[in-house]
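Please examine the sequence and the three-dimensional model shown here before reading the report.

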Amino acid sequence: MIDQRELPVSEVYVTCRTAADVAKAIRTMVIRGAPAIGVAAAMGIALGMRRSRATGTKQFTTEFQRICDMMAATRPTAVNLFWAIEQMKRAYADAAQAGASVDDLKHRLDAEAIRIHDDDVASCRTMGVHGAALVPDEARILTHCNAGALATAGYGTALGVIRAAVEAGKRVTVLADETRPFLQGARLTAWELVRDGIDTTVITDNMAGAMMRLGQVDLVVVGADRIAANGDVANKIGTYSVAVLAKEHGLPFYVAAPLSTIDLKTADGTGIPIEERGAREVTHVGNARLTPEGAHVRNPAFDVTPATYVTAIITERGVARPPYTDALAALVRGAQPAAVSALS
Ligand code: MRU
């Protein structure tokens, strides 16, 4: 996998040979972004089980459970991780119930991981089409963090909407928040969009309000790490501030995320676990120290934007509008976009 910690300065790849390698890559942000984490975990499980020396299904099942637990312990907020592990467990259970051998199970897990990967790319493409319809012919779009090809199996969620709007012939320019402290916006979003030839301007996070007040933003689109049943959205720290600013300035605030990001088991944002990462991400940029020794540091990696700030949630199955409790449940159940629009 491409090492996202090194972008945009160098494009280097990390080779994972064991499930533990994949878990480490997720934990240390070699790979990040909710859907990408889920896909990587599924691939990691398939890889780990492919290398298993177990001869009987009993021992194989014990190893499978251990590897699933290892993946689940990597990062807590993005629900796509737990969703992907559940998909792998379901595939395993179905095959085991049908009397699959150890070799059959290995093949079944490989196939399931590839399906999760392929479905994610397809979801991003469809989400892009739904989202592009919400973008005016000329639009200055602000985005936060990186919800692009790097954060998914390909194409992106929020950046998928932007890409689809450009492909539809719309004249789009992008303001990319730098996204302190890990700089996903400055490093990764800008890298992706510049490579695509999309006009991109990087701003520091504290410039977003001024840009809106100056009339230089038409809409905001971001991704999500977990969307609660009531439409509260956990996403990269700083998203909440952008949402409040958007509302104050009367700008649409869209969230683009696949159904695998919707967590109907969590009633609202208060139930979403927020990862607190190490102090060094805040105290240093690279090897350069920014803060004095002795100063305390906080580093919550995500925040929760209450549903009241969210204009619409764009998924591969259609666009949900408030009130979200019914609209999201209908989407997850499989209702078509028309039915969801009727609910809004
Ligand atoms: O800590 P990260 O970089 O994994 O956080 C990523 C984000 O918050 C993204 O906005 C989110 O996962 C959506 S990615 C399509």
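The report below treats the ligand site, a sheet and some backbone features.

This is a predicted model, in which local features need pLDDT of at least 70 and side-chain atom pairs count only at pLDDT 80 or more, while totals for chains, interfaces and linings use all residues. Residues are numbered from 1 along each chain as its sequence is written, and side-chain values use heavy atoms, with hydrogens and water left out.

**The ligand site**

The ligand is surrounded by 19 residues, each with a heavy atom within 4 Å of it. The closest are R32, Q184, D225, N235 and K236. By type, the shell divides into eight nonpolar, seven polar and four charged residues; Ala, Val, Leu, Ile, Met, Phe, Trp, Tyr, Cys and Pro count as nonpolar, Asp, Glu, Lys and Arg as charged, and the others, Gly among them, as polar. Both α2 (34-50) and β6 (233-236) supply at least two residues of this shell. Helices (H or I, at least four residues) and strands (E, at least two) are DSSP runs, numbered from the N terminus.

| Residue | Part with the N or O atom | Distance to a ligand oxygen atom |
|---|---|---|
| A34 | backbone of A34 | 2.8 Å |
| R75 | side chain of R75 | 2.8 Å |
| K236 | side chain of K236 | 2.7 Å |

The protein covers 100% of the 420 Å² of accessible area that the ligand has on its own, as given by the Shrake-Rupley method with a 1.4 Å probe.

**The sheet**

An open sheet contains four strands in the order β8-β5-β6-β11, with mixed pairing; two strands pair if DSSP finds at least two bridges between them. At its edges are β8 (262-263) and β11 (302-305), each of which pairs on one side only. Strands β5 (residues 226-228) and β6 run antiparallel and are joined by two bridges. R226 has A234 in β6 as its bridge partner.

**Backbone features**

Two cis peptide bonds may be described together. The bond from R180 to P181 is cis, with omega near 0°, and P181 is found in the loop between β2 (171-177) and α7 (184-195). The bond from P322 to P323 is also cis, with omega near -5°; P323 is found in the loop between β13 (318-320) and α11 (324-333).

Y155 has a positive phi of about 80°, although it is not a glycine. Y155 lies in the loop between β1 (138-143) and α6 (158-167).

Conventions:
A polar contact is a pair of N or O atoms within 3.5 Å; within protein, one must be able to donate a hydrogen and the other to accept it, and residues adjacent in sequence count only if both atoms are side-chain atoms.
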